Each structure stands twice: as structure tokens, then as C-alpha cells.
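These are my notebook entries on a structure that I am opening for the first time. I wrote down each thing as I looked it up.

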Amino acid sequence: MTPAIWMFLAFVVATLGITVWAAKRNTGASAYFAAGRSITGWQNGLAVAGDYMSAASFLGISGMIALYGFDGFMYSVGWLVAYLTVLLVVAEPLRNAGKYTMADLLAYRLSPRPVRAMASLSTITVSTFYMVAQMIGAGALVKLLLKDIPWITTNTAIIGVGVMMVVYVVFGGMLATTWVQIIKAILLMTGTIFLSVLVMKHFGFSFERFFDAASHITYLDSKTKLEVTRNFLDPGMKFGDAATGGIGKWDLVSLGIALLFGTAGLPHILVRFYTVPDAKTARVSVVWAMVIIGSFYILTTFLGFGAATIIRPDHIVTDNMAAPQLAETLGGPLFFAFISAVAFATILAVVAGLTISASASFAHDFYSNVLHHGKETNPDSEVLVARITAFVVGGVSIFLAIQLQTVNVAFLVGLAFAVAASANLPVIVLSIFWKRFSTTGAVAGLAVGLLASIVLIVISPSLMGIDPPEVVGAKRHLIQMNAIFPLTNPGILSIPIGFLAAILGSLLRPEPEAEAKFEELQVRAQTGLGAETASSH
Amino acid sequence: MPASIFFVVYYFTLPILVGWWPELMKKPVLGPVNAAYLFALSEFFMAWAIAYVYVQKAGKWDEQARQILAKESSDSASH
């Protein structure tokens, strides 16, 4: 058995152990949904960072920088600065005004049933896109790295990941998933730091030599089959006018908007703020997360440029494999196994986090509050419904991931961000800051934002295009037509549309009860009076 | 509030500069390192700086809130 397999097994055993420990401590709804609000500032910082440093960040960004140079770094910048939106606008009010889910904040002033129903739909949509993408990635990664074992196919890999994830969530709840995230974050940072050090060692610890090498990389261009020398520090290899015929810079801005506003609307990130005892801790945890994530992203430039200079872009198998290949080249098979296991752990932890936020939303928002008017259910049945939902969600996403296994995962994640930014964020922001925000506005904002972003993506070059006959299978566009909407990211249009719908809805159907409660919400959101506190056990 | 406007503007300056004035951003500034990379790097430090300032300010607001709440409850207690 290769070292990779041992590492995987060790990780699986360790996390199952955590799940068992958490299951024993999971007495009650607050424990299951919010880890008993016992997580401290730096722990939550690590957990949030862990949730964020997904496979897309680690493998995707280093891979994009390895193949396209500077433009890949733009993703990193967007993803880090986005946390300022979270910190300055959303984190504390959300923690003070809510209990388990994002919809709690919305339901504070507005009529709960329609708002919770829509919010639940939006949460589940965003989480599903994100989750299916991660599971496809996990399947491909596991299949590639454990390729010596005959019965590991993409399908079995996806099923295996899905099953493990369901076990963590159903039995371990938020407590287990939080601690898995924390451990994974530590492993990922350690691995990344070590790999970066190895890269610099290759260049004799001279930054000058490192950047100099990155400024002229000679390789075989995959499109023209000619040997070229390019400056990877230059912007423009992916989004520049030459590469995209002039539309790239608009796409870059659209992407920037989606990234900046999407994070503050991602349900699985927001739900992490309920696991700390109070708003001040929530604030501290965001800062910790920013420090960790920011350092991590700066390091990925070293990984990406390192892979480009040491391995050469034409020798990298697919862009997601740049980082593991670098690990193998510089650190041998043992380090390769470690990095791969960490990448796998990353995906698993993120998927678990997504599942728990989606199932919490269904149980708490839809089941308890919409179907049962928030009255008859006791907390224990809420937990039971959540566990069953996790099971179902796990099954559905395994199925979807197997069906969609050839779809590009970055596209799916981008979709999740665009939807979160267009549907969730306008509604959250307006609820906290605008007195005249009404239920109609919230429902309109959520529905229109959801629809606008999805429609714009369906008619975008991601899904629409006319391919010449030699392009086959997965590489063919799903809809063989010229794209109607020219940008791959809908953000620049769909986010304003979401805001507009929410504003118009409120102006057309004002709600005096909601306006009356605005000051009460303001006080509670800004001072924490009356917020849900930590449970005593 | 002004901090929020500042960071949004600072953030978008990067894709706009890089998209519309790429030749300017390609100019090497520190050895082979170009303006684009340095500006992108500065965004990280900007974000950290603003986060730090916010935490300081928020600490003060917490104190103010505490005083207001304490005053309110002692007021109502004395009625």
C-alpha cells in the first residue's frame, strides 16, 4: 500500500474519532446546530478559514497561477478582501439577531413564513452547487491519487466521500464538523508553508531569483504547440484583451464584484458565526480568519509560480494538480501523499460544513417555522429532521456529482458565489440597514436574485457556445448556441438586479410592522441585547 | 461607513487598472516584480489594516453600549 493510502486511512480514523467524541457531547439542539456556542475566537477563526480554504483555493488558485500567472492571483485578492464585507457589515449583527441560520436575522422584523421559505430555498441552492462541485473534485482527486487500487473509480470515490461526510454530519453535528475544519486548517497551513519553503530553497532563498525565473518561463503552449517564453508576473494571460478579445476586463470586474459580495452571503460561512458565545468573539474570529487566509493566499503565489518555474506549465497534468505535483517534485512521494491527503481532507470538511448548513436551514427554517409555525416542535425533533435532511442531501449530492462529474468545478463554485451575492446579500444588508425593508422586498430580492444569476449563467459562455466537431464529450458546451450574455460571471448584472428587486418590492408593498421593529433590531444587532448565549454544558 | 467605501474603492482599483491599463501595470518596480503584483499584495495589507482599525473602534462602541445598557437598567430599576 502506498503512503497515500496510509495517510488517507489515518485521517479517516482520526476524524471518525472526533465524530464519536462529538456525538457523546451532542445533547440538544444548540449543541447540534451551533456546537453549544462553545467555540472560542481563534478556534472559530481557524474553522472559518478552514471552510474557506477549500480545494478551490488550494488546488485551484495555485493551479491557475501555475498556468496563467498573475491573473490567478486576482481570485485570491477578491476572496480575502471579501472578508472586510463580512467583518464590517454582516458578522456581528447576524450573530446578535439570530439563532442558527441566516434566515433568523431576516425573520426578526419580517413576516417569518415566506421569508424563511425563500431563504431556505436559496441556502439549499447555493450549498448544493458548492457541494456538488467539491464532491466532483474529491472524486477526481481520490481517483487520481489512489489509482493503484483497482476498485477506485470516480463513482466509488464520490460515493465514499459522500458516505463519510453524511456520517460526520448526522452523528457529529456542528461540533464535529467545526473541529474537523480546525484540524484540517492547521494541516493545510503547515503543508503550504512547508511547500513554500521548499520552493524558496530551490531558489536558494533568494526572492530576486524566484521572481526573475517567473518573469521568463519557457514552455510549450498547448494551443499553438509552439515553444514560447512568457512573463508570468504580467497580468492578462487569462483576462487580458489578447486572450479574450476585449471582454475579459469586464468579466474580471464582474468576478470581482461577485467575490467581494458573495462571501457575506454564503450560508455555510455565516452559520459559523453562531458557534461562538457572542458578537465580540464573532468579530475576533473574522480577524483571525483574515490573517490566516491572507497569509495562505500570499503563499499560494509561491506555490503557483513555483510550479510554473520548476515543473513548467506544459508538464502539469491538469491545473488542479499543480500543487500536488510540486509536492512530489520537491518533497518526494511522502510529501505528495501528505499534500494529497490534506487536499482530500479539505474537500471532505467543506462538504460537511455545507451539508450541515443546508440541513440546519431546512430543519430550522422550513420544517419548524414554515410548516409548523414555530410553535409545536420541540428542539429535539428539529435536530432529528436535520439529521434526516443531511442524509437526504448527502444522497442527492452524491447522485448529482456522479451525473455531473465532467462539469468544470470552478464554474459550479462561481455559480454558488454569484447566487449568494445576488440573492442573499442584498436581503441581509437591507434588513440590517434599511428601515423600510418589507417582507415583499425580501421575497422579491431572494427570488429575483436567485433567478437572475442562474439565468445569466445559463446563457453565458460557460454553458453556451458553438464547438467545432472535433471537440467532444465533456469539453463541448452544454447548449450549442452562441452565448447571449458575454460574461462568464453574472455578478455585474445579477447583484444590482437583486438589490433593485428587494428595494422595489419594499417600496411597492410597505410594511409598518417591519418598520416599527427596525429600531429594536438595530439595538439588538449593534449591542447584543437579548442575543442567544452559550449553553451551560 | 467611510472605511467601507474606502476598501471597496481600493479593491476595485486593482481589476480596473489591470484590465484597462495593463501596460502600466506590467512595469517592473522592484527588480522583476511589477506594479500589478505589488498593488495586489498591498490589498492584503490594506484589508488587515482596516480590520485592525475596526476592531479597535468596535471595542470602544462595545464600551459605549455597555454604559448605555447599564444606565437604562439602573434607570428602570429606580422607578
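Entry one, a pair of helices. I began with H17(A), which passes H18(A) in a right-handed crossing; a crossing is called right-handed if the near helix is turned clockwise from the far one by less than a right angle, and left-handed if anticlockwise. Helices here are DSSP runs of H or I with at least four residues, strands are runs of E with at least two, and both are numbered from the N terminus.

Before going on I noted how the model is to be read. It is a predicted model, in which local features need pLDDT of at least 70 and side-chain atom pairs count only at pLDDT 80 or more, while totals for chains, interfaces and linings use all residues. Residues are numbered from 1 along each chain as its sequence is written, and chains are lettered from A and ligands numbered from 1 in the order in which they are written.

At what angle do H17(A) and H18(A) pack? I found about 155 degrees, with the axes 7 Å apart; axes are lines fitted to C-alpha atoms, for helices over the stretch in contact, and angles run from 0 to 180 degrees between N-to-C directions. The two helices are therefore roughly antiparallel to each other, given that angles over 145 degrees count as roughly antiparallel, under 35 as roughly parallel, 65 to 115 as roughly perpendicular and the rest as oblique.

I then listed the residues that meet, including Gly441(A), Val448(A) and Leu456(A) in H17(A), and Leu493(A), Gly498(A) and Leu508(A) in H18(A). Contact means that the C-beta atoms of two residues, placed from the backbone, lie within 7 Å. The residues of this contact divide into 13 nonpolar, 9 polar and no charged; Ala, Val, Leu, Ile, Met, Phe, Trp, Tyr, Cys and Pro count as nonpolar, Asp, Glu, Lys and Arg as charged, and the others, Gly among them, as polar.

A residue is buried if 20 or more other C-beta atoms, placed from the backbone, lie within 10 Å of its own, exposed if 12 or fewer, and partly exposed in between. In H18 of chain A I looked up Leu507(A), which counts as partly exposed because it has 13 C-beta neighbours inside 10 Å. Leu507(A) and Gly441(A) are 66 residues apart in sequence, yet 7.8 Å apart in space from C-alpha to C-alpha.

Entry two, a residue in another helix.

Entry three, the two chains. Chain A comes to 20 helices and 2 strands, and 60% of its 537 residues count as buried. Chain B has 3 helices and 2 strands, which run α-α-β-β-α from the N terminus on, and 19% of its 79 residues count as buried. The contact takes 35 residues from chain A and 33 residues from chain B. On the side of chain A that touches chain B, H5(A) gives the most, with 10 residues, and the residues of that side divide into 22 nonpolar, 7 polar and 6 charged.
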